[in-house]
Amino acid sequence: MPTNQERRAETPAAAPRRRGRKRSEETRLAILTAALALLSEVGYAGLTIEGIAARAGCGKQTIYRWWPTKGDVLLDALALKAETHVTIADHGSYAADLRAFLADSFRLGRLPQVTEVLRAMVAQALADPEFAGRFRETFLATRREALSTVVLRARERGDLPPRPAPGTVLDLVFGVLWYRVLITGGPLDEDLVGELLAALTSGD
């Protein structure tokens with residue numbers, strides 16, 4: 001059996017690992033925050049890994065350990081923002097859950113910072129097939145999965161309308177959102193929330 005001295009020697013070894021994990025998460029969040037702030041100031045073309053590192057107070061090699069390009073940093077920043085600000089909580093009914101999801105998503109989509117990131121990500125995806133794959137997996141798939149949670153919960157609860165089909169619900173919600181953000185610049189307001197909600201919950 002280990003002696004008391006041996007047990008005491010083991011205890012401090014665990015503490016630095018916990019602090020290291022905390023510091024890593026703090027650094028990651030600082031990098032994501034810095035990337036979004038700099039994007040607003042210098043635009044996507046002027047954004048660099050060196051600039052993000054300087055703003056975040058870390059070395060650029062720290063960033064490259066986690067992300068291969070500045071676009072990937074922004075992908076994670078955008079995914080975190082969406083996860084933080086768009087609710088998938090159970091509000092008691094499909095209509096209430098969907099209204100909350102739409103309202104939160106559109107509120108986020110109205111932010112100039114978010115609009116700029118989305119447009120930059122789409123432009124990068126069109127130019128870089130490998131990045132396009134990461135864009136689909138890192139951001140698009142996770143946002144569809146979030147809305148799928150709302151739809152599948154309604155099916156289990158028994159209040160999901162027979163039409164449109166679940167996959168079509170996802171296409172309609174994100175199709176409208178992306179079309180207005182990227183193409184028309186149309187409003188993402190409460191009127192649109194109400195119109196989409198009526199179309200998606202009527203069952204017609």
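Guide: Buried means under 20% relative accessible area, exposed means over 50%, and partly exposed lies in between (1.4 Å probe, protein chains only). The model here is predicted: local features need pLDDT of at least 70, side-chain atom pairs count only at pLDDT 80 or more, and totals for chains, interfaces and linings use all residues. Residues are numbered from 1 along each chain as its sequence is written, and side-chain values use heavy atoms, with hydrogens and water left out.

Visitor: Why is Thr-62 called buried?

Guide: Its relative accessible area is 16%. The cut-off is under 20%, so Thr-62 counts as buried. Thr-62 sits in helix α3, residues 60-66.

Visitor: Which residues does Thr-62 touch?

Guide: Thr-27 and Ile-31, leaving out residues up to four places away in sequence. Contact means heavy atoms within 4.5 Å.

Visitor: How do you know on which side of α2 its buried residues lie?

Guide: The buried residues of α2 (residues 49-56) are Ile-49, Ile-52, Ala-53 and Ala-56. They span an arc of only 100 degrees around the axis, so they lie on the same side of α2. The arc is taken from the directions from the helix axis to the C-beta atoms. An α-helix has 3.6 residues a turn, so residues three or four places apart point the same way.

Visitor: What phi does Gly-57 take?

Guide: A positive one, about 75 degrees, just after α2. Most residues other than glycine have a negative phi.

Visitor: Is the bond from Arg-163 to Pro-164 cis or trans?

Guide: Cis, with omega near -5 degrees. Most peptide bonds are trans. Pro-164 lies in the loop between α7 and α8.

Visitor: What makes a nonpolar core?

Guide: Buried Ala, Val, Leu, Ile, Met, Phe, Trp, Tyr and Cys residues, joined through side-chain atoms within 4.5 Å. The largest such core has 58 residues. Ile-52, Ile-63, Val-73, Leu-74, Met-121 and Phe-139 touch the most other members. Helices that each supply at least two residues of this core include α1 (4-46) and α9 (190-201). The largest share, nine residues, comes from α7.

Visitor: How many of the contacts with a separation of 6 or more join residues 24 or more positions apart?

Guide: In this chain, 69% of them.

Notes: Helix = DSSP H or I, 4+ residues; strand = E, 2+ residues; numbered from the N terminus.
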